[in-house]
Number of protein chains: 2
Amino acid sequence: MQASDQNTVFVGSKPTSNYVLAVVTQFKFGSTEVLIKARGKAISKAVDVAEIVRRRYARDAEVADISISTEEVASNDGRTFRVSSISITLSRQADRT
Amino acid sequence: MQASDQNTVFVGSKPTSNYVLAVVTQFKFGSTEVLIKARGKAISKAVDVAEIVRRRYARDAEVADISISTEEVASNDGRTFRVSSISITLSRQADRT
């Protein structure tokens with residue numbers, strides 16, 4: 001069910017518009033499903049990205065699925081800590097133009 | 001479908017543990033469904049709250065639904081701006097103790 005990595009946009013510390021462009025580009029190149037992933041504080045930005053794409057650029061795109069989970073991350077000093085994550089799947093019909 | 005306001009926890013700028021306690025308390029008082037809502041940067045914290053409740057305090061609770069949307073908010077100077085929001089519904093069986 002999960003989109004391949006080619007269809008995944010990992011949201012991090014760059015400006016929101018970078019990720020919006022990445023998702024829109026995926027759809028332009030014919031993807032029917034794009035997975036937006038983020039961890040920690042970037043989760044809010046991932047929701048912004050999904051909402052901006054859906055409302056401004058790909059109005060036929062729908063939120064097909066949202067899931068949240070907890071990931072274990074290793075820090076540089078060898079300890080592990082937990083961080084929340086989100087996956088938002090946007091889907092749209094194949095491009096008819 | 002939406003839980004009544006009594007079952008809703010609005011996540012804002014307080015520490016995460018405050019909201020975790022609020023959700024756990026709802027379940028303790030017999031709620032079978034608690035709605036966790038947040039806007040803007042607090043969205044990441046809302047996901048943390050849901051994950052912490054589910055993993056540590058109410059292990060039989062499940063994420064029944066997650067939805068995202070965009071809300072229009074009026075600022076003090078009368079202008080409106082848009083902000084992303086999230087609603088996470090946690091549900092569990094009625095308390096059997």
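Q: What makes the relation between chain B and chain A that of a two-fold axis?
A: Chain B can be laid on chain A by a turn of 180° and a shift of 0.0 Å along the axis, with an RMSD of 0.0 Å; the copies are superposed by least squares on the C-alpha atoms of residues with pLDDT of at least 70 in both. That is the relation of a two-fold axis. In chain B, the C-alpha nearest this axis belongs to Ser44(B), 2.7 Å from it.

A word on the model: it is predicted, so local features need pLDDT of at least 70 and side-chain atom pairs count only at pLDDT 80 or more, while totals for chains, interfaces and linings use all residues. Residues are numbered from 1 along each chain as its sequence is written.

Q: How do you know that the copies meet through the same surface?
A: Contact means heavy atoms within 4.5 Å, and it takes 22 residues from chain B and 22 residues from chain A. Of the interface residues of chain B, 100% are also interface residues in chain A, so the copies meet through the same surface.

Q: What is called buried area here, and how much do chain B and chain A bury?
A: Buried area is the accessible area (1.4 Å probe) that two parts lose on being put together, summed over both. For chain B and chain A that comes to about 1500 Å², 58% of it on carbon and sulfur atoms. In chain B, Ser44(B), Ile66(B) and Ile68(B) lose the most area to chain A, together 35% of what that side buries.

Definitions and conventions: Chains lettered and ligands numbered in written order. Heavy atoms only, no water.
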